[in-house]
Amino acid sequence: MSDEGLDLKGCRVLVTGAGGFLGSHVVETLKARGVSEVLMPTRDACNLVKPDEVQAFFESQRPEVVVHLAAAQGGVAWQKANQATAFLDNARMMESIVLASLETNVKRLLFTASSICYPRGAAIPFQENTLWDGPPEPAHLGYAQAKRGGIALLQAAHQQHGLSSCVLMPANMYGPRARFDPDRSNVVAATIRRCMEARDRGDDSITCWGSGTPIREFLYVEDAAEGVLRALQQEGSEPAPMNLGTGVETTIAELVEMVAELVGFKGSIRWDRDRPDGAPRVCMAVDRMQERLAWMPSTSLAEGLQRTISWWESARLQEADA
Ligand SMILES: NC(=O)c1ccc[n+]([C@@H]2O[C@H](COP(=O)([O-])OP(=O)(O)OC[C@H]3O[C@@H](n4cnc5c(N)ncnc54)[C@H](OP(=O)(O)O)[C@@H]3O)[C@@H](O)[C@H]2O)c1
């Protein structure tokens with residue numbers, strides 16, 4: 001470690017889930033910072049739910065730093081239908097990675113949990129010290145409990161073996177390379193898709209679920225990748241969870257209006273109030289992040305949405321040409 005923390009340039013860094021949304025941006029950010037040894041195994045090269053494959057990979061490749069971003073996840077519908085899969089796959093990945101990290105003396109491990117891990121009904125904005133105050137929302141039970149188990153495992157590994165690690169709790173992320181497939185997309189991708197398709201068909205209106213009043217927080221993926229790198233380099237090895245977000249609250253109606261304007265959808269926006277709204281307000285406290293990382297995400301929602309829309313416009317065209 002240098003005075004400024006862990007010097008990543010000289011390290012062999014393993015990024016799990018490097019082909020995924022956040023993973024691809026973390027790899028780009030690492031490379032832009034001059035980290036030349038970045039290991040990015042695909043699922044075929046190392047299936048993380050298989051302890052033997054993980055062990056063999058760590059023994060042969062000897063990563064010094066591990067950024068564990070791989071996850072079995074999806075939208076609310078996927079999570080409800082796959083509670084056990086979400087639990088088992090995420091728990092297995094974490095156990096295999098922590099065991100292999102201990103056995104090969106990894107210097108530092110970063111793990112991404114989620115704002116979904118907070119207890120149902122926790123005070124808003126979510127403060128890290130309320131994480132264990134009650135069970136999470138039942139709709140995310142399998143995923144959230146496995147992630148919580150991962151946090152507990154890192155704390156235990158730190159206590160027993162001194163494993164240096166950190167845990168980030170990212171807000172809802174959006175940006176280029178986000179999942180846009182209807183089964184697994186989040187509200188930002190789904191809204192962009194809906195507005196563009198309505199624009200292209202020349203529809204007079206779109207109908208969105210609920211009242212539009214719920215409040216959410218959105219984090220641009222390149223800012224999230226920057227936060228990951230900063231957290232990775234931090235001194236201090238106690239894996240106390242840290243929120244990663246903007247602290248900016250946006251209503252769903254504001255999001256839809258912003259997207260409609262940016263994509264050029266001129267029709268009206270209707271709200272189907274018979275459909276569920278979900279939690280009225282979800283937002284995270286970012287004081288710990290600000291204090292520890294001396295940093296705040298810098299991309300405004302309008303700027304981030306514009307970049308996401310531009311990326312998706314060209315990705316759609318490429319898909320259509322293929
Ligand atoms: N996206 C968000 O808004 C959000 C919010 C809070 C927290 N997080 C957390 O942030 C991290 C990154 O999320 P993301 O949205 O970037 O995820 P993502 O796009 O879904 O990518 C997940 C990656 O994990 C890989 N993976 C899954 N199971 C695997 C296995 N058994 N073996 C090897 N690789 C496996 C996937 O590979 P395949 O392509 O082969 O499936 C994929 O590359 C995750 O830990 C997630 O829980 C995300």
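**Entry 1: Thr299**

I began with the side chain of Thr299, which makes a polar contact of 3.0 Å with the side chain of Asp223. I count a polar contact as a pair of N or O atoms within 3.5 Å; within protein, one must be able to donate a hydrogen and the other to accept it, and residues adjacent in sequence count only if both atoms are side-chain atoms. This is a predicted model, in which local features need pLDDT of at least 70 and side-chain atom pairs count only at pLDDT 80 or more, while totals for chains, interfaces and linings use all residues. Residues are numbered from 1 along each chain as its sequence is written, and side-chain values use heavy atoms, with hydrogens and water left out.

Thr299 sits in the loop between H9 and H10. Helices (H or I, at least four residues) and strands (E, at least two) are DSSP runs, numbered from the N terminus. Is Thr299 buried or exposed? Thr299 counts as buried, because its relative accessibility is 13%. The cut-offs I use are under 20% relative accessible area for buried, over 50% for exposed, and partly exposed in between (1.4 Å probe, protein chains only).

Ala294 is in the loop between helix H9 (287-293) and helix H10 (301-321). Ala294 counts as exposed, at 64% relative accessibility. I noted its positive phi of about 50°, although Ala294 is not a glycine.

**Entry 2: the ligand**

Next I looked up the ligand. Which residues come nearest? Of the 25 residues around the ligand, they are Leu22, Arg43, Gln73, Tyr143 and Lys147. Near here means that a heavy atom of the residue lies within 4 Å.

I then went through polar atoms. Gln73 places a polar side-chain atom 2.8 Å from an oxygen atom of the ligand. For Lys147, an N or O atom in the side chain is 2.8 Å from a ligand oxygen atom. Phe21 uses its backbone: a polar atom there is 2.9 Å from an oxygen atom of the ligand.

How much of the ligand does the protein bury? The ligand taken alone exposes 900 Å², and the protein buries 84% of that. Accessible areas come from the Shrake-Rupley method with a 1.4 Å probe; for residues, only the protein chains shown count as cover.

Helix H1 (21-32), H5 and strand S6 (172-174) are the elements that give two or more residues to the shell around the ligand. I sorted the shell by residue class and got 14 nonpolar, 8 polar and 3 charged. Nonpolar covers Ala, Val, Leu, Ile, Met, Phe, Trp, Tyr, Cys and Pro; Asp, Glu, Lys and Arg are charged; the others, Gly among them, are polar.

Gly175 lies in the loop between S6 and helix H6 (187-201). Gly175 is buried, at 0% relative accessibility.

Arg177 is placed in the loop between S6 and H6. Arg177 is partly exposed, at 30% relative accessibility.

I turned to the strands. Why is S4 largely enclosed by the rest of the structure? Because 5 of the 5 residues of strand S4 (residues 108-112) are buried. Arg108, Leu110 and Thr112 lie on one side, Leu109 and Phe111 on the other, and both faces are covered.

Strand S3 (residues 65-68) pairs with S4 in the parallel sense over 4 bridges. I take two strands as paired if DSSP finds at least two bridges between them. Val65 has Arg108 as its bridge partner in S4.

S4 is also joined by 4 bridges to strand S5 (residues 165-170), running parallel. Leu109 stands opposite Ser165 in S5. From S4 the chain crosses through helix H5 (residues 141-161) to S5, a right-handed β-α-β crossover. Right-handed means that, with the strands pointing away from the viewer, the path from the first strand over the helix to the second runs clockwise.

S5 is largely enclosed by the rest of the structure, because 6 of its 6 residues are buried. S5 and strand S10 (residues 242-244) run parallel, joined by 3 bridges. In S10, Met242 is the bridge partner of Leu168.

**Entry 3: backbone geometry**

The peptide bond from Ile124 to Pro125 is cis, with omega near -5°. Pro125 is in the loop between S4 and H5. Arg62, not a glycine, has a positive phi of about 50°.
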